[in-house]
Amino acid sequence: MTPAEILEALTEVRDPEIPVLNIVEMGIVRDVRLEGDTVHVDITPTYTGCPAMRTIEAAIVQTLQARGFQQVVVHKVFREPWTTDWMTDEAREKLRAYGIAPPPPRADEAPELIPLPFSVARGPAVPCPFCGSEQTRQTSAFGATACKALFFCEACQQPFEYFKAI
Amino acid sequence: MNLETLDDALRPALFEYLLRLGDDALILGHRLSEWCGHGPYLEEDIALANLALDCLGHAEALLTLAGEVEGQGRTADDLAFLRDAYDFRNVQLVELPRGDFAFTIVRQFLYATYACLLYKALQQSAFEPLAGIAAKAHKEMQYHLRHSSEWMRCLGDGTEESHRRAQSALDELWMYTGELFEVDDTLRTLTEARIAPDMATLQPKWREQVETVLREATLTVPEDPPYMATGGRHGHHTEHLGHLLAEMQFLQRAYPGAQW
């Protein structure tokens, strides 16, 4: 198998918290190398404390062992830090269809999150994944997982999750 | 430089420094996690648990690296669960009991302002693995800073009661902030090697940012006390750390190597 084929095999590994996405389209897999009989896979955490990373590591090993690789080594790399900009357009659309508002591309010169009043520091409107309305408001900057925030749509009166742009 | 090219003469100081960074994150993360199920309302409960998780993530990365630098085969878990209080290198600020919600928020704000400045500077560290962790942690700490700054304004410029509690927490915590910027031989060695930033340049920035938010929050900047708490970086802690460790380490101490 070539590294490209291994990468293709890794599209079977899903994010356990967001099962509509695989780890390749999320941009978590940074590199695949073959050295003799050993496959090295570099992955980068979406958030340092994300508990899904352990599950993902185990799933990578399991998936590649099922393809006949006995030696699979997963390396956690922090540089460059993961950004939602690495998520493919296809992945964003899958998120939206799943009911999670996808992260917008980060502005090239996104201002640092400095301690200004929240109304000023807040980014562009987040469209509702259900009805598309921009009449939405954040109910909490933190959600059920480290990567998401909670929003509410005033138009269709639905609460929804938003994948934070980082 | 990286783990392979690291000068052996720098190892002891770098190990010590990584413990300081990792222990700050670990102990603060544990204090934040104590709010789980006790937050003032559901969204805030979730927020504090998220902040705790970030801190534990930073601690795991930093303590893993500390173990690698030490070279004795100790893992992040060994360092977190099998050291006693006098081997911990966190500042006393993070070990104080969580107090009321205002106390937790004020501490979080003072610490997050410091951590954002520190991690930003550490991205330029000559020790690449640390620069990598700092880049990641900086992104996450900005959320902590935004969250706690918002709350500072809500509490300070809120009701009479919330203002009183926030001011009282601030007055109580102020004497624990000096330790964040202390410089000793360990730090001087690493600053010289361009691994750690010069704390003297960070302190005025910290002070300016803190004062800006305090003003908006209608809170009064405390006067510098005659005595600033010190000692955490060298293993001298308040009585509270021992109690925290007794709970945090119980399982690994009672059932060594237990996993689930």
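**View 1. Arg33(A) and its bridge partner in the predicted model.** In this predicted model, Arg33(A) is bridged to His40(A), a residue of S2(A). The strands concerned, S1(A) and S2(A), the latter spanning residues 38–43, are paired in the antiparallel sense through six bridges.

**View 2. The three-stranded sheet of chain A.** The strands form an open sheet in the order S1-S2-S3, and their pairing is mixed. Strands S1 (29–35) and S3 (71–76) of chain A each have a single partner strand and stand at the edges, so one side of each lacks a neighbour in the sheet. On average, neighbouring strands are turned by 15 degrees against each other, direction ignored.

**View 3. Helices H1 and H2 of chain A against the strands.** Helix H1(A), residues 3–10, packs on the sheet and touches S1 and S2 of chain A. The direction of H1(A) makes about 130 degrees with that of S1(A). Helix H2(A), residues 52–66, lies across S2 and S3 of chain A and runs at about 155 degrees to S3(A).

**View 4. The packing of helices H5 and H9 in chain B.** H5(B), residues 101–122, and H9(B), residues 199–216, pack at about 140 degrees with their axes 10 Å apart. The two helices are therefore oblique to each other, and their crossing is right-handed. On the H5(B) side, the contact residues include Phe109(B), Leu110(B), Tyr114(B) and Leu117(B); among those contributed by H9(B) are Met199(B), Leu202(B), Trp206(B) and Val213(B). The residues of this contact comprise twelve nonpolar, two polar and one charged.

Definitions and conventions: Residues are numbered from 1 along each chain as its sequence is written. Chains are lettered from A and ligands numbered from 1 in the order in which they are written. This is a predicted model: local features need pLDDT of at least 70, side-chain atom pairs count only at pLDDT 80 or more; totals for chains, interfaces and linings use all residues. Side-chain values use heavy atoms; hydrogens and water are left out. Two strands pair if DSSP finds at least two bridges between them. Helices (H or I, at least four residues) and strands (E, at least two) are DSSP runs, numbered from the N terminus. Axes are lines fitted to C-alpha atoms, for helices over the stretch in contact, and angles run from 0 to 180 degrees between N-to-C directions. Contact means heavy atoms within 4.5 Å. Angles under 35 degrees count as roughly parallel, over 145 as roughly antiparallel, 65 to 115 as roughly perpendicular and the rest as oblique. A crossing is left-handed if the near helix is turned anticlockwise from the far one by less than a right angle, and right-handed if clockwise. Ala, Val, Leu, Ile, Met, Phe, Trp, Tyr, Cys and Pro count as nonpolar, Asp, Glu, Lys and Arg as charged, and the others, Gly among them, as polar.
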